[in-house]
Amino acid sequence: MNENIADHSSLDVGTPEEISRRRFLEKLSIGLAGFCAAVVGIPLVGFIIAPLFRKPPAKWVTLGKVDEFQIGKTVSVPVVDSSSLPWAGITAKSAVWLRRENDSSFVVFSANCTHLGCPVRWMDGADLFMCPCHGGVYYKDGSVAAGPPPRPLVRYQVRVENGEVKMNPVVVPISTTL
Amino acid sequence: MKQLFRTVWLWLDDRIGISVLLKPMKHIAPQDAKWWYVFGTATLIAFIVQVASGVALAFSFIPSSSQAYETLVFITNDAPFGSFLRGLHYYGASAMVLMVGAHMAQTFLFGSYKFPREMTWTTGVCLLGFTLAMGFTGQLLRWDQTAAWSVVVAAEQAGRVPLIGEWLAHFILGGNTIGGATLSRFFAIHVFVLPGIMFGFIGLHLWLVLRHGISEPPTAGKPVNPETYRKEYDELLKKSGRPFWPDLAWRDVIVCTALILTIALLAHFIGPPALDKPPDPSVLDADPRPDWYLLWYFALLALIPVSIEGYVMILMPVLLGLLLLIIPVLNHKGERAASRRPWAIAVVCLSVIMIGALWVQGQQSPWSPNFQALPLSEKVVGATSGPVFQGAQLFHDKACLNCHLIQGYGGRRGPDLTHIADKLTHDNMVIRIVNGGNNMPAFGSSLKPQEVEALVAFLQSRKRPLRPQDQSPMAQN
């Protein structure tokens with residue numbers, strides 16, 4: 001079956017000049033094809049991987065007025081990613097868990113389980129966050145209580161400004177622990 | 001008239017070369033390649049069903065993060081044949097995964113991957129990977145709540161890859177979070193990139209089948225010797241070979257007809273998987289689960305010890321993939337018959353048992369809390385007031401019931417506590433509840449002492465009922 005294997009001997013037919021010319025034309029054609037591929041391909045790859053270079057928005061997002069949150073309560077607060085694309089629709093929304101600890105102190109947890117990102121739920125009576133996917137459980141301070149999560153719930157930066165609670169940035173935190 | 005048709009056909013065939021194009025269908029194949037050899041064709045037919053139904057669905061599906069869900073609702077509820085087509089695409093995908101698995105098991109057990117068909121196997125392994133990738137990206141195009149959270153899970157999983165993890169995660173999300181870029185990118189991958197690559201690989205795979213011929217069924221005691229195999233194969237074909245079309249292909253046609261009928265009947269009578277809630281990531285009451293073909297992997301991620309989780313999540317698929325790719329390089333000659341390769345039978349059986357067992361576990365997902373647990377009924381509690389009653393209420397309110405079973409009600413994440421009083425004393429229970437341990441949270445800081453007492457009173461009432469022979473003569477009277 002080896003007769004099918006590419007046969008290069010035909011390239012050696014002709015005078016030395018012809019062979020040399022043929023070799024040159026072969027290299028020229030392959031080189032030009034590569035150049036064309038690069039001209040089209042580089043912008044194409046750049047376009048596809050562009051979202052990777054989009055910096056997380058540095059904007060502080062308002063979660064609500066200070067008075068809206070009761071001390072000691074953990075509540076889910078919807079957040080809208082102001083930097084999202086116009087056609088994101090409802091997917092521009094996300095939610096975080098906010099806990100008011102005292103008059104001036106707020107903690108904002110990512111709703112993503114640090115195991116694999118599923119949305120943790122707050123169990124009010126038990127003071128626990130529970131994950132529906134693989135059974136991760138966290139205490140009210142976000143530390144791991146049970147299950148596979150490798151680290152505590154991620155806390156966002158919070159600040160209180162003009163009577164409003166604000167957080168930053170609106171990103172899905174990625175656990176990179178192996 | 002007949003003569004006219006014949007003239008036109010001959011003219012077209014001469015100018016286009018249709019007969020020449022179809023000639024490979026009549027290639028000579030071993031006559032014993034019978035019913036075991038139908039799975040490859042069945043996979044190809046399932047792929048063609050996917051292409052056809054996918055193209056049709058794309059006529060109405062809008063791959064926009066904000067509108068896809070509405071178009072899916074339209075396709076399912078309003079468009080003529082829409083529900084059927086979605087079903088066709090779903091069961092077609094399932095059939096393709098099953099047929100790829102069967103095809104792979106058959107070629108492995110028959111030793112068909114050995115010389116000279118090593119690259120036929122390797123391209124097939126690549127096609128298995130692309131098929132699973134199509135399955136996952138396809139599930140995401142069913143752009144509901146489960147799909148949106150599955151993207152996050154995929155990104156988090158990719159995030160565990162050393163060095164480039166975060167980069168991969170953001171590539172999957174299409175940015176720092178789910179949004180406008182997420183779905184259209186998956187659409188492009190599912191509809192253009194992966195199928196394009198698959199067309200190429202299927203072409204290559206089929207070309208290799210023609211180039212090296214369909215492997216003859218193995219004979220025990222007749223090992224593959226690369227020095228002599230090709231000559232022996234040629235002689236076999238000369239002696240007893242038959243044209244693939246139609247002498248052998250009729251079995252493929254029958255199996256493919258049955259396959260398409262099954263897919264169509266399932267699509268018609270059972271219908272496509274129901275749409276979940278809309279893909280609103282601010283709704284945190286979500287319970288994302290992969291479709292059945294990846295449910296076993298979902299179960300694996302819940303069951304492996306945390307300390308080796310990252311390695312299992314990342315290294316295992318890589319090593320498994322590499323191993324599958326290089327199997328024919330490691331083992332390209334020798335016996336082909338499964339009866340002389342007991343380890344081959346063991347590998348296939350163990351793989352099926354492992355995937356099956358994990359799949360069953362994934363279906364039940366006992367590691368997940370039961371968020372739907374309702375308060376225990378009066379009949380189960382056995383009291384309407386007092387500490388036992390209060391304890392039962394706390395057992396529900398403090399989320400104990402989400403993880404523990406009482407007489408079949410509740411969750412399965414922790415031990416069944418139906419008869420816990422037979423095993424633990426009052427003090428042991430207090431210690432367990434307050435301090436936690438063994439994968440149970442500590443409730444010391446969220447329960448008042450009297451609440452702990454009420455809970456323990458309830459749990460102390462959870463005893464196995466006394467059987468008549470255990471009861472004292474006094475009680476029997």
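This report describes the core, the chain contact and one group of paired strands in a predicted model.

**Nonpolar core.** The largest nonpolar core holds 127 residues, and those that touch the most other members are A:Val96, A:Leu128, A:Tyr138, B:Ala46, B:Val151 and B:Ala155. Helix α5 of chain B (residues 82-109) contributes the largest share of this core, 12 residues. Leaving aside residues up to four places away in sequence, B:Val151 touches B:Leu140, B:Ile172, B:Leu173, B:Ile178 and B:Thr182.

**Domains of chain B.** The domain assignment divides chain B into domain 1 (24-364) and domain 2 (378-465). The centres of these two domains of chain B, taken over C-alpha atoms, are separated by 46 Å.

**Contact between the chains.** Chain B places 61 residues in the contact and chain A places 54 residues. On the side of chain B that touches chain A, at least two residues each come from α7 (145-159), α8 (165-173), α9 (180-212), α12 (292-303) and α13 (309-330) of chain B. Of the elements on this side, α7(B) gives the most, with eight residues. By class, the side of chain B that touches chain A comprises 28 nonpolar, 21 polar and 12 charged residues.

**Strand β10 of chain A.** Strand β10(A) (residues 164-168) has A:Val165 and A:Met167 on its covered face, whereas A:Glu164, A:Lys166 and A:Asn168 lie on the uncovered one. The pairings of β10(A) are listed below.

| Strand paired with β10(A) | Bridges and direction |
|---|---|
| β1(A), residues 61-65 | Four bridges, antiparallel |
| β9(A), residues 157-161 | Five bridges, antiparallel |

A:Lys166 in β10(A) is the bridge partner of A:Thr62, and A:Asn168 in β10(A) stands opposite A:Gln157. The hairpin of β9(A) and β10(A) has two residues between the strands, and A:Asn162 in this hairpin takes a positive phi near 50°.

Note on methods
Residues numbered from 1 in each chain as written. Chains lettered and ligands numbered in written order. Predicted model: local features only at pLDDT ≥ 70, side-chain atom pairs only at ≥ 80, totals over all residues. Core = buried A, V, L, I, M, F, W, Y, C linked by C-beta atoms within 7 Å. Buried ≥ 20, exposed ≤ 12 C-beta atoms within 10 Å, placed from the backbone. Contact = placed C-beta atoms within 7 Å. Domains from an automatic or database assignment. Nonpolar A, V, L, I, M, F, W, Y, C, P; charged D, E, K, R; others polar. Pairing = 2+ DSSP bridges.
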